[in-house]
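Welcome, and please open the model in your viewer. We will go through it one selection at a time, starting with a whole chain and ending where two chains touch.

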Amino acid sequence: MRPDQIVTDELTGIQAADIEAALDPVEADGVYRDSRQCAGLALLSGGGKLLLSPPTPRPKKG
Amino acid sequence: MEQSGTSTRLQAAVQDLASGVVSALRGGDHAHVVPPVGTDGEAGDLAPAAVRVLGADALLPGLLSRTPPDPAELAVFRKAFEAYPPRADAAPTVRWSHWAMARTLRRADPSSAEAPDEPDTAWLDGATWQVLTHQLAVLAPLALPGEDCAVSRLAEGRPVDVARGFVRAVRRRDWRQAAGAGRWLTLLPGVPETVGLDAGLDFVELMGGQDPLVALQVQAARRMRTGARG
């Protein structure tokens, strides 16, 4: 390690390992939302006023 | 996962630096994207480490606009390059990132030493499209118009895999990976039109653009795409 790097590391606490970890990140965990979660979010964002779908049509009597 | 205070401070410095690059890419003030040597406070102390992490992209606005860098910025860039060489057991992405900085130094200052020999790409031989896309996204600073290297040649041979990886990253909401892959796709020949890259980049920016590292890649992709059309 070069002397000026030692001084820099002492000042910042940043080590080569910190930098190399940042340059070789593991893949982030995926964030998936299933349709039920999406529906829940849609309801929340709509303040409960949002109607996600109209009621299922029923056959007319007679 | 809990992060150390050092790691958090470094990430914050990298994000600040990336914000400056994004601003410059959007046409804003380009002065002092990189805090000059001697800047007081933590921003100055952390600047070389932050530049090392952001890598060649720290000088991206000047590279794309073909304007010479500010000498003070170049000095910090050189300091970062020299202070943090890859260790002997460093990961390939670390070695390639350092090589990309050497290439950028040479472009910015022709009196600099020539870039060393390229690292190898053996770790990507036979990589799945998921792994390939993740690694390419980490190495997005290598995606530059008119700049050839072994990684870019490898990417050129697998445009459909990178396109699949881009879509997967969007579906996983991994905005950094999606933005990096999107930047590569702007340069690769043979990318399927069905990917909808322009709309995809818009979506990535909308959903993840508050992260400066995402915004940087999206802006870089747009600038390169505009240049390619112009």
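Begin by selecting chain B. With 230 residues, a compact globule would have a radius of gyration near 17 Å, and chain B agrees because its own value is 17 Å; this radius is taken over C-alpha atoms, and the globule rule is 2.2 Å times the number of residues to the power 0.38. Along the principal axes, the C-alpha atoms of chain B fill a box of roughly 50 × 45 × 35 Å.

Before going on, a word on what you are looking at: this is a predicted model, in which local features need pLDDT of at least 70 and side-chain atom pairs count only at pLDDT 80 or more, while totals for chains, interfaces and linings use all residues. Residues are numbered from 1 along each chain as its sequence is written, and chains are lettered from A and ligands numbered from 1 in the order in which they are written.

Now switch to a cartoon view of chain B. How many helices and strands are there in chain B? Chain B has 11 helices and 0 strands, and its pattern along the sequence reads α-α-α-α-α-α-α-α-α-α-α. Helices (H or I, at least four residues) and strands (E, at least two) are DSSP runs, numbered from the N terminus.

Next, colour chain B by domain: residues 1-117 form domain 1 and residues 120-230 form domain 2, with bounds that come from an automatic or database domain assignment. Taken over C-alpha atoms, the centres of the two domains of chain B are 21 Å apart. Where they meet, 18 residues of domain 1 of chain B are in contact with 15 residues of domain 2 of chain B (contact means C-beta atoms, placed from the backbone, within 7 Å). On the domain 1 side, α1 (5-25), α3 (60-65) and α5 of chain B each give two or more residues, and α1(B) has the largest share with 6 residues. That side divides into 11 nonpolar, 5 polar and 2 charged residues. Here Ala, Val, Leu, Ile, Met, Phe, Trp, Tyr, Cys and Pro count as nonpolar, Asp, Glu, Lys and Arg as charged, and the others, Gly among them, as polar.

Stay in chain B and select residues 71-83 and 92-108, which are α4 and α5. These two helices of chain B pack at an angle of about 150°, with their axes 10 Å apart. Axes are lines fitted to C-alpha atoms, for helices over the stretch in contact, and angles run from 0 to 180 degrees between N-to-C directions. α4(B) and α5(B) are therefore roughly antiparallel to each other (angles under 35 degrees count as roughly parallel, over 145 as roughly antiparallel, 65 to 115 as roughly perpendicular and the rest as oblique). Show side chains to see B:L74, B:F77, B:R78 and B:F81 of α4(B) meeting B:M101, B:A102, B:L105 and B:A108 of α5(B). By class, this contact has 7 nonpolar, no polar and 1 charged residues.

Then select residues 175-187 and 197-208 of chain B, helices α9 and α10, which pack at an angle of about 150° with axes 10 Å apart. α9(B) and α10(B) are therefore roughly antiparallel to each other.

Finally, bring back chain A. Here 21 residues of chain A are in contact with 22 residues of chain B. On the chain A side, α1 (3-12) and α2 (16-23) each give two or more residues, and α2(A) has the largest share with 6 residues.

Terms used
Contact = placed C-beta atoms within 7 Å.
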